Amino acid sequence: MIIRAPSRIHMSLIDLNGSYRRVDGGIGLALADPQFVLESEQIESGIELEFADTVTDEEAILECKEKIPKAAQKTLDYFDIDSGFKFTVHQTYPPHSGFGSGTQIAVSTAHLITETMGIEVESRILSSIVGRGGTSGIGTYTHDLGGFILDGGHSKEEKPLFLPSGASKAKPATLIARYDFPEEWKILIVIPKIEKHMEGSDEVDVFQTYCPIPKEEVEQVSHLILMNLVPFMLEKDIKNFGWVVSELQKVGFNKLEHSLDDSYLPTMQAMEDAGAYGAGISSFGPVLYTVFDESNEFIVDKIKEMMEGKGTVFVTKAQNHGFVIEK
């Protein structure tokens with residue numbers, strides 16, 4: 001059995017202030033490429049893991065070696081399954097890059113086990129079982145549904161502290177809305193070469209040191225999403241959608257990210273100078289993104305030329321459906 005799960009971009013967290021009795025919340029988008037592709041085979045006992053010859057990224061291999069056995073064991077224990085599984089990773093992508101690999105790896109592993117055993121369960125439950133989605137629901141819902149996701153975060157009674165997903169035990173966030181992303185819009189991904197990824201204790205330190213974020217900024221983020229980004233997307237107004245993406249870099253948690261590491265800002269400005277309608281960062285980066293259509297597809301060659309030797313550039317599109325299982 002094989003599962004194919006989309007990557008995602010996480011466009012913004014919404015409320016890291018908490019004055020209105022909720023925290024977190026976010027917006028994000030499922031991507032058709034890159035994908036996480038995992039195969040499973042039921043065996044008598046134990047958990048085995050191997051990698052296809054095409055999987056060569058050492059960081060990605062290490063992440064799979066850490067997360068797949070843990071997710072598998074948690075799933076087997078939760079459902080009291082007396083069986084073993086052998087997993088083969090066929091395709092993955094760099095961890096701590098902004099594509100959301102951790103959630104896709106863990107939930108895909110759980111899905112293969114439950115599907116094999118004939119257990120019907122929602123991705124939101126599986127995310128909770130394997131310890132994902134404690135801050136953002138974007139990874140969980142893009143896995144399940146694809147498309148553009150808006151989640152409503154958590155009640156402060158459930159989650160009183162500001163923590164990243166990897167350090168939070170809260171259940172996955174509440175889904176507010178899911179929309180198809182315009183099929184005619186393409187997405188340009190830019191990944192600058194960097195020395196170090198933001199992860200683990202560094203992420204925890206950011207949340208605990210710099211939150212709460214000013215109340216007026218989370219109010220502005222909420223307005224930009226509700227009254228600008230979502231309506232412009234539904235109206236297929238790509239220029240104004242791109243404008244909102246750039247505006248979201250100037251307030252709230254995205255503003256905090258850029259204040260802690262401003263090395264991405266010159267690249268984002270250069271993308272706009274090249275003709276991009278706007279540019280954003282996914283999670284803590286290094287993935288940067290912009291949307292384009294036939295009216296400004298010239299930006300692809302210009303940005304590839306600009307980034308030659310300085311990083312990776314490729315074109316993808318939104319995936320308006322969730323994971324696919326092939327038996």
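**Reading a predicted fold**

Mentor: Start with Thr92, which counts as buried because its relative accessibility is 18%. Buried means under 20% relative accessible area, exposed means over 50%, and partly exposed lies in between, with a 1.4 Å probe and protein chains only. This is a predicted model: local features need pLDDT of at least 70, side-chain atom pairs count only at pLDDT 80 or more, and totals for chains, interfaces and linings use all residues. Residues are numbered from 1 along each chain as its sequence is written, and side-chain values use heavy atoms, with hydrogens and water left out.

Trainee: Where does Thr92 lie, and which residues is Thr92 in contact with?

Mentor: Helices (H or I, at least four residues) and strands (E, at least two) are DSSP runs, numbered from the N terminus. Thr92 sits in the loop between β4 (84-91) and α2 (101-116). Contact means heavy atoms within 4.5 Å. Leaving aside neighbours within four places in sequence, Thr92 is in contact with Gln35, Phe36, Val55, Ala60 and Cys64.

Trainee: How many residues of strand β2 are buried?

Mentor: 16 of the 22 residues in β2 (residues 22-43) are buried, and the strand is mostly covered.

Trainee: Which strands does β2 pair with?

Mentor: Two strands pair if DSSP finds at least two bridges between them. Strand β1 (residues 2-15) runs antiparallel to β2, joined by 12 bridges. Ala5 stands opposite Phe36 in this pairing. β1 and β2 form a hairpin with six residues between them. Gly18, in the turn, has a positive phi of about 90 degrees.

β2 also pairs with β4, antiparallel, over seven bridges. There, Ile43 has Gly84 as its bridge partner. Strand β5 (residues 148-151) pairs with β2 over four bridges in the antiparallel sense, and Leu29 stands opposite Phe148. Strand β6 (residues 154-155) pairs with β2 in the antiparallel sense over two bridges. Val23 has His154 as its bridge partner in β6.

Trainee: What do side chains do along a regular strand?

Mentor: They alternate between the two faces of the sheet.

Trainee: What is the strand order in the open sheet of four strands?

Mentor: The order is β9-β10-β8-β11, with antiparallel pairing. β9 (280-281) and β11 (311-316) are the edge strands, each pairing on one side only. β9 and strand β10 (residues 288-292) run antiparallel and are joined by two bridges. Ile281 has Leu288 in β10 as its bridge partner.

Trainee: Which strands does helix α9 lie across, and which does α10 touch?

Mentor: Axes are lines fitted to C-alpha atoms, for helices over the stretch in contact, and angles run from 0 to 180 degrees between N-to-C directions. Helix α9 (residues 265-273) lies across β8 (186-192), β9 and β10, at about 15 degrees to β10. Helix α10 (residues 299-307) packs on the sheet and touches β8, β10 and β11. The direction of α10 makes about 5 degrees with that of β8.

Trainee: At what angle do α6 and α7 pack?

Mentor: Helix α6 (residues 215-234) and helix α7 (residues 238-247) pack at about 150 degrees, with axes 8 Å apart. That makes α6 roughly antiparallel to α7. Angles under 35 degrees count as roughly parallel, over 145 as roughly antiparallel, 65 to 115 as roughly perpendicular and the rest as oblique.

Trainee: Which residues of α6 meet α7?

Mentor: Leu224, Asn228, Leu229, Phe232 and Met233 in α6 meet α7 residues including Phe241, Trp243 and Val244.
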